[in-house]
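Subject: Structure for you to look at

Hi,

Here is the structure I promised to pass on. Please open it and keep it beside you while you read my notes.

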Amino acid sequence: MLGKPDAGWALFQLGSEETAYDLSYLTDVAMEWLTQAIHGLQTLDVFSVHGYCEPGRIVCTVSYWSCYVICEEDDRAPACDDVHQIHRSMLDFCKMLHRDISENLEDWVHWNDDDPQPEREKALREKLNCLQELIEEKKDCFEEGCCFL
């Protein structure tokens, strides 16, 4: 889902190659996406994450059973005609997010070197721990026969 960060860029791919996007440093992907995922699992409510592609940006809305990715242009042109629906549950999205940030934590710590590194690493680790606890706590909610009501 999220590639290893490199020089302020990271690949986001959820589904087929046509839904692969290079995300820039303009969005603090790790911090913002973890925050949204934590809120989504806590509430079991739809959440969205975004990232700037320079040009344009992507918005990924994570629902209970599916994710929807759209790309918006920088100007006032209408959003793209296609919404890519990817059959990944909220739980799957959160697991992939946790895995991808954990596996490359040091690179995500240095995503924006303007931040004090020890504080940033501590904050990322706390968010990862919180997300992992929620993944374990909520996994039964995503078993067959369960629903979001």
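There are 8 salt bridges in the structure. Bear in mind that this is a predicted model.

Start with Arg-99 and Asp-100. Their side chains form a salt bridge, with N and O 2.8 Å apart. Asp-100 is buried, because its relative accessible area is 4%. Arg-99 has a relative accessible area of 37%, so this residue is partly exposed.

Now go to helix H4. Glu-121 and Arg-125 form a salt bridge there, and their closest N and O atoms are 3.0 Å apart. Why do Arg-125 and Glu-121 sit about one helical turn apart? They are 4 residues apart in helix H4. Arg-125 is partly exposed at 43% relative accessible area. Glu-121 is partly exposed too, at 24%.

Lys-122 and Glu-126 also join in a salt bridge, at 3.9 Å from N to O. These two residues are again 4 apart in helix H4, so about one helical turn separates them. Glu-126 is partly exposed, with a relative accessible area of 46%. Lys-122 has 54%, and a residue counts as exposed when its value is over 50%. Lys-122 is therefore exposed.

Next, H4 as a whole. The helix runs over residues 117-138, which makes 22 residues. At 1.5 Å a residue, H4 should span 32 Å. The C-alpha atoms at its ends are 31 Å apart, so the two values agree.

Which residues of H4 are buried? They are Gln-117, Arg-120, Leu-124, Leu-128, Leu-131, Leu-134, Ile-135 and Lys-138. These residues cover an arc of only 125° around the axis, so they lie on the same side of H4. The buried residues pack against H1, helix H2 (90-103) and helix H3 (105-109). Turn to the other side of H4 and you find exposed residues: Pro-118, Glu-119, Lys-122, Glu-133 and Glu-137.

Last, a spot on the surface. Tyr-25, Leu-26 and Tyr-52 make up a nonpolar patch. Together they have about 300 Å² of accessible area. Where is Tyr-25 found? Look in the loop between strand S2 (20-24) and helix H1 (29-43). Tyr-25 has 47% relative accessibility, so this residue counts as partly exposed.

Best wishes

How values were computed. Residues numbered from 1 in each chain as written. Predicted model: local features only at pLDDT ≥ 70, side-chain atom pairs only at ≥ 80, totals over all residues. Heavy atoms only, no water. Patch = residues over 30% accessible without salt bridge, like charges linked within 9 Å, V, L, I, M, F, W, Y side chains within 5 Å. Areas by Shrake-Rupley, 256 points an atom, 1.4 Å probe, with all protein chains shown as cover. Salt bridge = Lys/Arg side-chain N within 4 Å of Asp/Glu carboxyl O. Buried < 20%, exposed > 50% of the residue type's maximum accessible area, 1.4 Å probe, protein only. Expected span 1.5 Å × (residues − 1). Arc of directions from axis to C-beta. Contact = heavy atoms within 4.5 Å.
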